[in-house]
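Keep the structure in view as you read.

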Amino acid sequence: MTRDESTRDRVARSILTNGPSSAAVLAERLELTPAAVRRHLDHLLEEGLVESREERVYGPRGRGRPAKVFVLTDTGRHAFHQAYDDLAATALRFIAEAGGDEAVSEFARRRVAEVEQRYRELLDKAPEHEKAEVLAQALTADGYAASTAKAAHGEQLCQHHCPVAHVAEQFPQLCEAETEAFARLLGKHVQRLATIAHGDGVCTTHIPGHIPGPQAAPSSPVTDGESARTAR
């Protein structure tokens, strides 16, 4: 692999890992010059591995043109997933052997923390009744093809695609950390009903509606194992 190819791989992998990113953010994250990042982005655009779009803005839009962000196309994701999955699974197996299951759980929590912070900036601006939909839109922008649907006593958050499904199949701590993050973001006791990693067609999370009285306080989320037993 040439130096250019290696740097281009870093640019694309950063978008895969962190979601839609502007050229300025990529330059800062990867410690590259903006001109170098734009050159690599132009090449990735020509190959059909990334595409540009206007950054989604939730709430009042400020002055000026919306920022342009870059996202991986389906072709770009497919090119990465197999190699990414193999590498991630190998790394997590090493972590499990060195530190046990709790070390894997800690890794999963740290992995989701950055994404949670980014999503919180969006959800904090949204009205209470729109938070689940805003979360679904943010997940969709990151490649999870998410949507919401009305359900008995609340809503269901459905993720029709999971970029880390093959790794999560071996390490359910990734799903558990994500569920915990959803509970914190929404301030509710959410319950994971199904996951693609466990062989279901869609990752489904139940979000309860408003419950008056002391029961309305958020509590610890139900883990995948607990929800599976409940579903049965």
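Q: What is the accessible surface of the protein chain?
A: This is a predicted model, where local features need pLDDT of at least 70, side-chain atom pairs count only at pLDDT 80 or more, and totals for chains, interfaces and linings use all residues. Residues are numbered from 1 along each chain as its sequence is written, and side-chain values use heavy atoms, with hydrogens and water left out. Areas come from the Shrake-Rupley method with a 1.4 Å probe, and for residues only the protein chains shown count as cover. Carbon and sulfur atoms hold 52% of the surface of the protein chain, which comes to about 13,100 Å².

Q: How many helices and strands does the protein chain have?
A: Both are DSSP runs, numbered from the N terminus: helices are H or I with at least four residues, strands are E with at least two. By that rule, the secondary structure of the protein chain comes to nine helices and six strands.

Q: What share of the residues in the protein chain is buried?
A: Buried means under 20% relative accessible area, exposed means over 50%, and partly exposed lies in between (1.4 Å probe, protein chains only). The protein chain has 232 residues, and the buried share is 41%.

Q: Where do the buried residues of helix 2 lie?
A: Helix 2 spans residues 23-30, and its buried residues are A23, L26, A27 and L30. Look down the axis: they fall within an arc of 100° (taken from the directions from the helix axis to the C-beta atoms). On the other side, A24 and E28 are exposed. The buried residues of helix 2 fall within that arc, so they line one face of the helix.

Q: What distance does helix 3 reach from its first C-alpha to its last?
A: Helix 3 covers residues 34-46, which is 13 residues. The expected span is 1.5 Å times one less than the number of residues. For helix 3 the expected value is 18 Å, and the model comes close to it, at 18 Å.

Q: Which residues of helix 3 are buried?
A: The side turned away from them carries the exposed residues A35 and E46. The buried residues of helix 3 are A36, V37, H40, L41 and L44.

Q: Is R8 buried or exposed?
A: R8 lies in helix 1, residues 3-18. Contact means heavy atoms within 4.5 Å. Leaving aside neighbours within four places in sequence, R8 is in contact with H40, H43 and L44. At 14% relative accessibility, R8 counts as buried.

Q: How many disulfides does the structure hold?
A: A disulfide is a covalent bond between the sulfur atoms of two cysteines. Here the test is a pair of cysteine sulfur atoms within 2.5 Å. The sulfur of C158 is 9.5 Å from the closest cysteine sulfur, in C203, too far for a bond. The number of disulfides in the structure is zero.
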